[in-house]
Amino acid sequence: ERGTDGDLKIIFWQAVSTMNPYLSGGTKEVYAASMVIEPLARYDETGALVPMLAAEIPTVENGGVAADLKSITWKLKPDLKWSDGTPVTADDAIFTWKYCTAPDGGCAQAAYYEGVSNVEAVDASTIKVSFAEPKPYPYSAFVGAQSPIIQAAQFKDCLGVKAPECTSANFGPIGTGPFVVKEFKPNDVVTFTANPNYRDPAKPAFASVTLKGGGDAASAARSVLETGEFDYAWNMQVEPEVLAAMMQAGKGKIEVAFGTQVERIDVNPYAVDPSLGDKRSTKEAGPHPALSDPAVRKALSLAIDRDIIDEAGYGDNGKPTCNILPAPDIYVSTAVDWCLKQDLDTANKLLDDAGWKMGSDGIREKNGVKLSFLYQTSTNSVRQATQALVKDMWAQIGVSVELRNISANVFFGGDPASPDTFQKFYADVQMYTNNFDGTDPEKYMAGWMCDKIPSPATGWQGENIVRYCNPEYDALVKELGKTGKLEDRAAIAKKLNDMLSNDVAQIPLIHRGQPSAVNATLAGVKMNAWDSELWNVADWSRKK
Amino acid sequence: MFTFTLRRLLFAIPTLLVISFIIFALLDLAPSDPLSDLPLTIPPEVREQIRAAMGADQPFVIRYLRWLQQFFVNEPLNIFEQITGMTVGDGNRLRVLSWATRSPVVDLIVQRLPQTLWVVGLSYLFGVMLAIPIGVVSAYKQYSLFDQIGTFVSMVGYSVPTFFTGVLLIVIFSSYLQWFPSIYDTNLVVNDWSSFVAQARQMFLPVLVLTLYNTSQISRFVRASMLDNLHQDYVRTARAKGVKEKVVLLVHVLRNSLIPVVTVIALGVPTIFSGAIITEQIFRVNGLGQLLITAIQGADIPLVQTLTFIFAFLIVLFNLIADVLYGILDPRIRYD
Amino acid sequence: MTDTTVAIAPATERKSSPLADLWRQFRAHPGGVAGLAVFVFIVAAVYLGPFIHTIDPNKIDIRAKNQGPSFAHPFGTDNLGHDMLAQVLAGGQISLAVGMTAMLLSLFLGTLVGVLAGYLKRIDGPLMRLTDLFLALPLLPLLLVIIMLFRDTLRAAFGPETGIFILIVFVIGITSWMHTARIVRGDVLAVKSQEFILAAKSSGMHEYRVILKHILPNVMSSIMVSATLGIASAIITESALSFLGLGFPSDFPTWGRLLYDGANFLQINPSRVLWPGLAISLTVLSVNYIGDAIRDALDPRMLKR
Amino acid sequence: MVNATNNGNPQAGNAVPVLSVRDLTTSFRVGDEWRSVVRNMSFDIAPKETVAIVGESGSGKSVTSLSVMRLLPKNSSRIEGSIRLNGRELLTLDSESMRRVRGNDISMIFQEPMTSLNPIFPIGKQIAEAITCHRDVSAAEAKAEVLHLLEKVRIPNAKGRFDDYPHQFSGGMRQRVMIAMALASKPKLLIADEPTTALDVTIQGQILDLIKLLQEEEGMSVLFITHDMGVVAEVSDRTIVMFRGEAVETGTTDDIFNRGKHPYTRALLSAVPKLGSMGGRERPMRFPVIDISTGQTTTPETEAGGVDERKRPLLEVKNLTTRFDIRSGLLGRRSGAVHAVENVSFDLREGETLSLVGESGCGKSTTGRSITRLVEPTAGQISLDGYDVVRLDRSSLRKMRRSIQMVFQDPFASLDPRMSVGSAVMEPFIEHGLGSKAQAREKAASLLERVGLKADMMRRYPHEFSGGQRQRIAIARSLMLDPKVIVADEAVSALDVSIKAQVCNLLLDLQQSFNLAYLFISHDMAVVERVSHRVAVMYLGEIVEIGPRQAVFENPQHPYTRKLMAAVPVPDPARRNVKRNLATDEIKSPVRPVGFVPPQRQYREVSAGHLVQV
Ligand SMILES: Nc1ncnc2c1ncn2[C@@H]1O[C@H](COP(=O)(O)OP(=O)(O)OP(=O)(O)O)[C@@H](O)[C@H]1O
Ligand SMILES: Nc1ncnc2c1ncn2[C@@H]1O[C@H](COP(=O)(O)OP(=O)(O)OP(=O)(O)O)[C@@H](O)[C@H]1O
Ligand SMILES: [Mg+2]
Ligand SMILES: [Mg+2]
């Protein structure tokens, strides 16, 4: 029954800075907002679409998606009410679209509305989304936690440049979700109370939610697992043995959801010698003297013992992988598992055959070029441990490594003036994680196309950080864009994945899960990697 | 004295402007980026749009001038309006907005002030209150056991980093003994005895860590200053008058000794407002220190700029206050 | 008032040099002697220890991870199987070197600014306002800017470790000189008005020579105290930088980093925080005691005795 | 050792002594051993009697008085013997009873009026405290009493100054405040530990008068500690001479002065310059030197050298004016100036000593410093050994300074405490690049020997020397550059009498051997009379009288000169009860507003070279 289970205490060690996911694309903000505002449909824990505000998922079969794939029509559930009691209408959806696509609004989720040419109200509860081009996968706008519907009445004066000035709306959006914002302290704590107008009268079980932020992952884990002060802690990137030790207290445990996150090492195909100045790490710099050799790349991948890395840094929160595209299941390839097992002999042989001779200092070289690399990543204790392990493994095949770690807000910051961004890639190899939203990999796989290579000309923007360029691959991606049938799409995606792994464009290491700490007294938690982890917070309750 | 103060205040204005400019330039040069914690899934074009919406793509000078106007004109007017209820102009002014939260920076600061004052301020207060008696006794009984122990403890107090003591205390008192919470609840409103107890409990550990540090430092000053004064001629005079030993110590010597100490204490006050970054982080007090560090990490330039500027202002102000206090407390000093 | 009788008797035979004097006074301070002993022990252990305990600090033995103290690993191992003793020793070399050099730099800057401000009335105001500016500067963005601007140049010139070493020392140095400057300025103001300065000037000395030969030695005791406090705070600042993830490459252990990395393992393996924590605290503590003793030894009131 | 009780006390008759000290031995703990600094002192003080203790610095005078008050540090000192106040033993009293004795039965005034008052309390409050801590009186009553006391010690406008702070008073007034404080509870015994040493002659005269007067009014006994024989002669009924911790002679003041038996007493007295003792002489005179152990004169007084009047003056000063701006207001505009030196002209020849005398703050030091350009003169011409001093650039200024050197008042403060004496002496020579280090060392060694020190002392530090030795070192240093002129700014003021005599002799010797010219700055008229060829009297920055010493001292013309001479205590007990009737006015301030035009001064020539301002 609604409101009988008292206060739910959640801790996000990265604090929530706003409740409007359109103004901040940060995961923590999206998750927090998902308790309040909802999309038409979202993904469940298996990655399947489930209707939220929509009555059902439109498909070509049920006529919801036009046969030419150029529009999709959603029908709202009957009698939907905002938390302030006013009805939810198609106009709210239209407004949401306008809000996010208004010029100068800086909408963080604009990508979800890409290709949408129009949103119109067929009637008060029917929304038609039209696309400029046929969309084989039309579930983007208003789908998933990143693209929820906001109330037109509340945000009507907040279009475009005005968006950031609507502080009270941004901090306390009126929604349809199980909770409403009671008080918002940016970057500190958010308190919610149960939504009196929530569509399911029995839910939520909790009367209120306290969402605390700040600190670090380990102490957040401690507050759930050891002291029991909190019920749920998100994103427990902590060494597995530390978590195991905390769980001894018996107050809670770690739950993991596996999405599409892959920790990978990028191998730079271009020369990065600092003497090249601005040209380094671009096509103009020429090929990398060592890393452009496929044998070297392959040897590097083979020399890594992913099991050890997994054990040391991830435990149950990760699995060794050789795939860049590790999920959902239908996309998972098994063709590249040659790298799963460390094979130092083969790796050494590859290098020997390719003419890389072991030097007296234990470092291989050929024509005066040494296998000596700069290996950069962001500052994070698990990554540094991985770096140390990889360094040790590569040393066994005569590769020496200089480690560097860069503050995450610089590394991922993309400041064109900084030499340390991962886009610039002024290093031989670098390590980070990437993934994609939702379950459809098309956009993600397009990130390895030749024209997405960052360069000074594009202000170092572009998803193809590894600078992979293969016309065959580009052609295959284009084909994917034209394929509608799921099985065919999966086959192409696997092929793309295999190309990347076999060419060692990147070295996939670990398929990372999302670990969260859950108090033993909390029931109903279903970890979900495809949507907000709090997607079903309405169903959570206190164990009796 | 008055003209001295006024002159220093006038001189402070260009100083502060220069400081604000330098801080702004520094922040602008820094390679960290406000969008760095967004997921990589957000495509580059969208990032560009977000940047444009924040105004982060504007030239440096424009942003600086705009900040100046927002901070020195719009914000004070806004405060004025809130206090008096009047509207000046159309009341539609752009305030200094934080990039990360999109909310007015001043509101954020006001929100963070209470816990900072409670925890950092209180521990400073405790530090001062403990340090004075400790310093006095240590000096009066120089080389006694009390003095030796006091010296040792205070040296330990500021040689052990707070991130070490903090974590240690949490493990002992929160995890094993479960006496105190490890997480500070900023929403707690003290309105009755039990909430007061809760507040006291949650403040205990962070205040303990910081008080130890503050006491250590200030008591050293008090001791040194007392020792200087204990051997002055006027102390002998007072004794020769037949003044009671307690009065000699607590009125004659202490008053004189406190003059330099008070200025040292005044110079330390701005650090209260910069917060105790690491301690706040460990205990999740989420005060100004935590605000600053998250802002720096998130490259939230307007927020960092405003906070550091306020901090600089406090430094300059308390420097002045220290000088003026010196002049007030010590009648020998005349600034004119 | 002069004291004729004081010195006539004992001063006849003893040959004294400033250093011998200092040492004689220093020895009278038991805390200082103990501090010096501990400090010398730490320095010796850190620099000579690796010749006895020869395990490579970066050697990974994942099978032997998270071990408690044993004969092979007296301080146990960390979660990657690094030998903690070797790491603490190697970390000490860096931490001590950072502490010393950063202290020297900050001392140099602080003394320079303090002496100039105290000695030259004209630039006193501007220099003190500069001090205010530096007090207000946020350390982290500054560090990022400096790393961005100079890392590659320094790396090219000195190699990666020395390069980052110089950067860190530089950053700590230029952000920690302000207190020294304030104190030195006050002392210079006091010394400047004494007659022997006038005497030196009237004998036709260059001003800069007056500063070097008369002012500086007389403000030495507060400089020395700043110095000892400076080593301590530099070691702590370096560890705070490690705490914030800036600083040395991860395969370069420093005490601060070891402590930070170990903090999460406090309950699994307390020795991971115990040893680096103890090393930092003992160093800082011993240096503080040495500083106290030096100040007493340099105190002219003590000299008179 | 002479026992005090054996000597009759002409004034007190058989009355019970107020204070009776027997076999007082005071020791300090130095390291692990006890070192006695006062041994077997015994003396009595009868009611209304004034007893003086004299002796050189460090002879234990202060320790004796502090022992009586039991004000020595508790754990590092030990007092043995017996001290009785009106028959009550003080040494066995518990500390609370002793506290009640202090300030109530016995009061004390200290040497340093500058530091002996608590700087942050108003003086009224500090005096009142002396009353309230012994008697239960209301604040208003205490205040009334304080005002009465202030009037008694002749503080003008006592009411208005009740709430003033010590720094707002001049040294003399502060000392009067101290006296008021000491008198607050009408003590039976007043101990005055060198109450006038730090003061100017004229002020000293006032204070001495005041103490005498109050003693008569209140009927106190006084224990007066000093090293100034002139003061002793003036105030005391009986005198105790201390030497190295022991009382070597006790007797009536008249006996001590005229029939002193102990060699030390004789040595002490011989070293005391007597104003007017130079009558009829033209040239300076050395002091006689008496061997302390035997009491025999080893070196009789001899005349020093004269001056060759025909030579061109080494130093010519014309219309020298030095002012210090006073700035105030928001923009720091000039609001006035200290006219420290105003229109001063004089010259100085080889081998000549010109003394500058005058009370504190009249601009003597500033004149000396302006000549060496240590402060920038505002106007005037200075020519020194061919240099036009006012117009020199930096490097020639340095060269010029080789010709003129300074010796300062405080021998301790004028030597860098952290530099060995050898380096300090060698420094100027090396700085000017006059030769190698070895040469410098050689020269320094010979100079140190010349000033009566041993060359092997070069390694030592200033604190290891006595005051007189330090001043010799400072003199040796000033000679390193073979200067032609030496500015001796109060160079002997801080020294003990006998040492002062030695240093003066040294200066005269050096003058003769090197043909040095001295600008001798001093406020001590008696010493000035002894050492100078010519004298200039300064008042408020101006020279009011200048001329040959004989002329100025024997025929003072300007009223200020006369006042100055009258204030000097004469070490002759016969003149003990002569009152000076000095006005209690304060020294005038040389601060003038902006645009002040100093009046044009005219000088009248009294005799050859003797000019007086009209
Ligand atoms: N607290 C103390 N501890 C150790 N020795 C001391 C102490 N006070 C004084 N003395 C020593 O006692 C001796 C006598 O000192 P005292 O102050 O009585 O001399 P004085 O005759 O008053 O000299 P002055 O004329 O310089 O004041 C000196 O050698 C001095 O160094
Ligand atoms: N640097 C300065 N700035 C301002 N005023 C000064 C300065 N030096 C001296 N005076 C003032 O000039 C006047 C003359 O001072 P000076 O030191 O020459 O006197 P003096 O005759 O040497 O006195 P004393 O006998 O006390 O040494 C005094 O009023 C003094 O306060
Ligand atoms: Mg004395
Ligand atoms: Mg003078």
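## Disulfides of chain A

A:C158 and A:C166 are both buried, where buried means under 20% relative accessible area, exposed over 50% and partly exposed in between (1.4 Å probe, protein chains only). Their sulfur atoms lie 1.9 Å apart and form a disulfide, a term used for a pair of cysteine sulfur atoms within 2.5 Å; with -100° about the S-S bond, this link is left-handed.

The link of A:C450 and A:C469, with sulfur atoms 2.0 Å apart, is right-handed at 105° about the S-S bond. A:C450 is partly exposed at 21% relative accessible area, and A:C469 is partly exposed at 44%.

## Basis of the model

The model is predicted, so local features need pLDDT of at least 70 and side-chain atom pairs pLDDT 80 or more, while totals for chains, interfaces and linings use all residues. Residues are numbered from 1 along each chain as its sequence is written, chains are lettered from A and ligands numbered from 1 in the order in which they are written, and side-chain values use heavy atoms, without hydrogens and water.

## Cysteines of chain D and ligand 2

The sulfur of D:C362 is 19 Å from the closest cysteine sulfur, that of D:C504, which is too far for a bond. D:C362 is buried at 3% relative accessibility, and D:C504 is buried at 1%.

D:C362 is also one of the residues around ligand 2, having a heavy atom within 4 Å of the ligand. A backbone N or O atom of D:C362 lies 3.3 Å from an oxygen atom of ligand 2, and a polar side-chain atom of D:T366 lies 2.4 Å from a ligand 2 oxygen atom.

Technical notes
A polar contact is a pair of N or O atoms within 3.5 Å; within protein, one must be able to donate a hydrogen and the other to accept it, and residues adjacent in sequence count only if both atoms are side-chain atoms.
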